[in-house]
Amino acid sequence: MEARMRVVVGWILLFIALAFRPAFASGDDAMLTVGGNIEHVTDQASHTYRFSKADLLALGTSTIKTSTNWTPVSVWRGPSLQSVLQKVGAHGEVLRVYALDDYEHDVPVSDVQKYGVILAFERNGVPLAPNKFGPLMLVYPRDAEPDALNRASIEARFVWQIYKIVVK
Ligand SMILES: Nc1nc2c(c(=O)[nH]1)N[C@H]1C(S)=C(S)[C@@H](COP(=O)(O)O)O[C@H]1N2
Ligand SMILES: [Mo]
């Protein structure tokens, strides 16, 4: 009974995997969608700029070596948020950052230049797992500027599982 149950569950999981595979495989390879007050778009209808991972890599990447409140000292790598905002021609004061777990948080645009914030897709050379911090996580150089950055108001801006940013 036990073994037969496992086989049945196995078939059900396989069916689900196959049923959903085309939805994941076809078309939408966007890692990040940027909307709101932007000049340049890749999709007119939704007025958004969609970045695949290749698009993000093409912006060039930098690294920040820092601990966070929930990770030990690590090397985070990704495009600077500045380069993303430049690419879309962003105009605004505030970025509303959206995560897959329904968390959302406002980040002042002034942080972007001041701290050289990056949108990390990699930690210690390993892509961020989609169900953990990935696809993208906002990283500040916290260890380099502890007085300014090691505080609760900033911690909430270390948004992980980012998939969308709206410029306001
Ligand atoms: N995607 C996502 N990012 C997030 C959060 C979250 O719940 N989801 N919590 C934020 C807050 S409020 C803080 S303090 C830090 C650390 O969250 P933790 O204390 O739950 O680890 O992550 C920030 N980034
Ligand atoms: Mo928090």
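**Figure 1. Ligand 1 has a nitrogen atom 2.7 Å from a polar backbone atom of tryptophan 160.** The model is predicted: local features need pLDDT of at least 70, side-chain atom pairs count only at pLDDT 80 or more, and totals for chains, interfaces and linings use all residues. Residues are numbered from 1 along each chain as its sequence is written, chains are lettered from A and ligands numbered from 1 in the order in which they are written, and side-chain values use heavy atoms, with hydrogens and water left out. A nitrogen atom of the ligand is 2.7 Å from an N or O atom in the side chain of aspartate 101. For a polar backbone atom of phenylalanine 158, the distance to a nitrogen atom of ligand 1 is 3.0 Å. Taken alone, ligand 1 exposes 510 Å², and the protein buries 65% of that (accessible areas come from the Shrake-Rupley method with a 1.4 Å probe; for residues, only the protein chains shown count as cover).

**Figure 2. The residues around ligand 1 are Trp70, Ala99, Asp101, Tyr103, Glu155, Ala156, Phe158, Val159 and Trp160.** A residue is placed here if one of its heavy atoms lies within 4 Å of the ligand. By class, this shell has seven nonpolar residues, two charged residues and no polar residue. In this grouping, Ala, Val, Leu, Ile, Met, Phe, Trp, Tyr, Cys and Pro count as nonpolar, Asp, Glu, Lys and Arg as charged, and the others, Gly among them, as polar.

**Figure 3. The largest nonpolar core of the model has 39 residues.** Such a core is a set of buried Ala, Val, Leu, Ile, Met, Phe, Trp, Tyr and Cys residues joined through side-chain atoms within 4.5 Å. Buried means under 20% relative accessible area, exposed over 50%, and partly exposed in between (1.4 Å probe, protein chains only). The residues with the most contacts inside the core are Leu32, Leu81, Leu95, Leu119, Tyr140 and Ile162. At least two core residues come from each of β1 (30-36), β2 (49-52), α3 (81-88), β5 (94-99), α4 (109-115), β7 (118-120), β10 (137-139) and β11 (162-167). Helix α3 gives the most to the core, with four residues. Helices (H or I, at least four residues) and strands (E, at least two) are DSSP runs numbered from the N terminus.

**Figure 4. Helix α3 has Leu81, Ser83, Val84, Leu85 and Val88 buried.** Residues three or four places apart in an α-helix point the same way, because there are 3.6 residues a turn. Leaving aside neighbours within four places in sequence, leucine 81 is in contact (heavy atoms within 4.5 Å) with Leu95, Val112, Val117, Ile118, Leu119, Leu138 and Ile165. After α3 comes glycine 89, with a positive phi near 65°.

**Figure 5. Leucine 138 lies in strand β10.** Leucine 138 is buried, with a relative accessible area of 1%. Not counting residues up to four places away in sequence, leucine 138 touches Leu81, Val107, Val117, Ile118, Leu119, Arg157, Phe158, Val159 and Ile162. Its C-alpha atom is 5.1 Å from that of phenylalanine 158, 20 residues apart along the chain.

**Figure 6. Arginine 157 is in the loop between α6 and β11.** At 15% relative accessibility, arginine 157 counts as buried. Its side chain joins that of aspartate 111 in a polar contact of 2.7 Å. A polar contact is a pair of N or O atoms within 3.5 Å; within protein, one must be able to donate a hydrogen and the other to accept it, and residues adjacent in sequence count only if both atoms are side-chain atoms. Leaving aside neighbours within four places in sequence, the contacts of arginine 157 are His105, Asp106, Val107, Pro108, Asp111, Leu138 and Tyr140.

**Figure 7. A cis peptide bond joins glycine 134 and proline 135, with omega about 10°.** Proline 135 sits in the loop between β9 (126-127) and β10. Most residues other than glycine have a negative phi, and most peptide bonds are trans. Aspartate 102, not a glycine, has a positive phi of about 75°. Aspartate 102 is in the loop between β5 and β6 (104-108) and, at 69% relative accessibility, counts as exposed. Glutamine 161 also has a positive phi, near 55°. Glutamine 161 is placed in the loop between α6 (152-155) and β11 and is buried, with a relative accessible area of 11%.
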